[in-house]
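I opened my notebook and loaded the structure. Here is what I looked up, entry by entry.

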There are 2 protein chains.
Amino acid sequence: MEVLGGKWKLAIVKVLLTGTHRFAALQRALPTITPRMLTRQLRELESDRILRRTVYAEVPPRVEYDLTELGAGLAELVEWLDRWGREYRKVRA
Amino acid sequence: MEVLGGKWKLAIVKVLLTGTHRFAALQRALPTITPRMLTRQLRELESDRILRRTVYAEVPPRVEYDLTELGAGLAELVEWLDRWGREYRKVRA
DNA sequence: CTGTATCCTCGTGGATACTG
DNA sequence: CAGTATCCACGAGGATACAG
C-alpha cells in the first residue's frame with residue numbers, strides 16, 4: 001500500500017496497462033491531474049520500479065513511460081479492484 | 001481506494017478474516033495502533049459496510065467486530081496483495 | 001513538449017491523558 | 001473494557017506561474 005497508495009498511482013498503472021504513453025498522453029488520459037502531481041507520481045512509481053522512464057534526446061523532447069514486469073503484474077489487481085468497486089457501489093446503493 | 005485506503009484498514013480486515021474480534025483483541029493483533037486510530041478506522045469501515053459492530057449490554061462492556069459479506073469478499077484481495085508484496089520485496093532487494 | 005518553482009490548504013495520523 | 005478529548009506535526013495534494 002505504500003507503493004500503490006498515491007492518489008493517482010493505480011490510475012496511471014491502469015493507463016499504462018494499455019501500452020506505452022508519453023507525458024502529454026497521460027495528461028490527456030487523466031484530465032484533472034496537474035503536471036506537478038503527474039511528475040511526482042511518475043517519479044515515485046519509477047523509483048519503486050513499477051514503471052520505466054525513457055528519455056529521447058530530441059527536439060522537441062520526448063519521454064515515454066511504460067510498465068516494468070513488476071508493474072505489469074498489477075493487471076490482475078486493477079481488474080479485481082474494478083470489479084470489487086462496481087460490486088461495492090451496487091451493494092451500498 | 002477511498003474505502004480501503006486508511007493506514008490500518010486492510011490490516012484490520014486481515015485480522016477479522018480469521019474471525020470475530022473484540023476491541024482489545026484487535027489492539028493485541030495490531031500492537032502499534034492507538035485506541036483513537038483503531039476506533040476511527042473501525043467506524044469508517046462500519047459506515048462503509050465492510051464490518052459490523054455489535055454491542056452487548058453487559059458489565060464490563062463487550063463489543064464485537066466481524067466482517068460483512070462485502071468485507072469478507074476482500075479475502076482474495078488481501079491474499080493477492082500479500083503475495084504481490086512478497087514478490088515486490090524480492091525483486092526490489 | 002516535459003516538466004519546475006512556489007505557495008497554500010487540509011486531512012491523516014500520532015501522543016497523551018482521561019472516562020463511563 | 002472500550003473507547004473520548006485535546007492538541008499537534010507532517011506531508012500529500014492542489015493552484016498558479018514559469019522554464020529549458
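**Entry 1: the DNA side.** I am working with a predicted model. I began with DNA strand D. Helix 3 of chain A is on the list, with at least two residues. From chain B, helix 2 (23–29), helix 3 and strand 3 each give at least two residues as well. I sorted the surface by class and found nine nonpolar, four polar and eight charged residues.

**Entry 2: which part of the DNA?** I looked at the atoms of DNA strand D within 4 Å of the protein. Of these, 65% belong to sugar or phosphate, and the rest belong to bases. Next I picked out single atom pairs. B:Val63 uses a polar backbone atom, 3.3 Å from a phosphate oxygen. For B:Pro61, a backbone N or O atom lies 3.3 Å from a sugar or linking oxygen.

Entry 3: Is A:Lys9 buried or exposed? I looked it up: the relative accessible area of A:Lys9 is 3%. A:Lys9 counts as buried because that value falls under the 20% cut-off. This lysine lies in helix 1 of chain A. What does its side chain meet? A polar contact of 2.8 Å joins it to the side chain of A:Glu44. I also listed its contacts, leaving out residues up to four places away in sequence: A:Glu2, A:Val3, A:Leu4, A:Gln41, A:Glu44 and A:Leu45.

**Entry 4: helix 1 of chain B.** I turned to the other chain. Helix 1 of chain B is mostly covered, with six of its eight residues buried. They are B:Lys9, B:Leu10, B:Ile12, B:Val13, B:Val15 and B:Leu16.

**Entry 5: the nonpolar core.** The largest nonpolar core has 54 residues. A:Ile12, A:Ile50, A:Trp84, B:Ile12, B:Ile50, B:Leu77 and B:Trp84 touch the most other members. Both chains contribute: helix 1 (9–16), helix 3 (35–47), strand 3 (62–67) and helix 5 (75–92) of chain A, and those of chain B, each supply at least two residues. Beyond four places in sequence, B:Leu77 touches A:Leu77, A:Trp80, A:Leu81, B:Leu4 and B:Leu10.

How values were computed
Residues are numbered from 1 along each chain as its sequence is written. Chains are lettered from A and ligands numbered from 1 in the order in which they are written. This is a predicted model: local features need pLDDT of at least 70, side-chain atom pairs count only at pLDDT 80 or more; totals for chains, interfaces and linings use all residues. Side-chain values use heavy atoms; hydrogens and water are left out. A nonpolar core is a set of buried Ala, Val, Leu, Ile, Met, Phe, Trp, Tyr and Cys residues joined through side-chain atoms within 4.5 Å. Buried means under 20% relative accessible area, exposed over 50%, partly exposed in between (1.4 Å probe, protein chains only). Helices (H or I, at least four residues) and strands (E, at least two) are DSSP runs, numbered from the N terminus. Contact means heavy atoms within 4.5 Å. A residue is near a molecule or strand if one of its heavy atoms lies within 4 Å of it. A polar contact is a pair of N or O atoms within 3.5 Å; within protein, one must be able to donate a hydrogen and the other to accept it, and residues adjacent in sequence count only if both atoms are side-chain atoms. Ala, Val, Leu, Ile, Met, Phe, Trp, Tyr, Cys and Pro count as nonpolar, Asp, Glu, Lys and Arg as charged, and the others, Gly among them, as polar.
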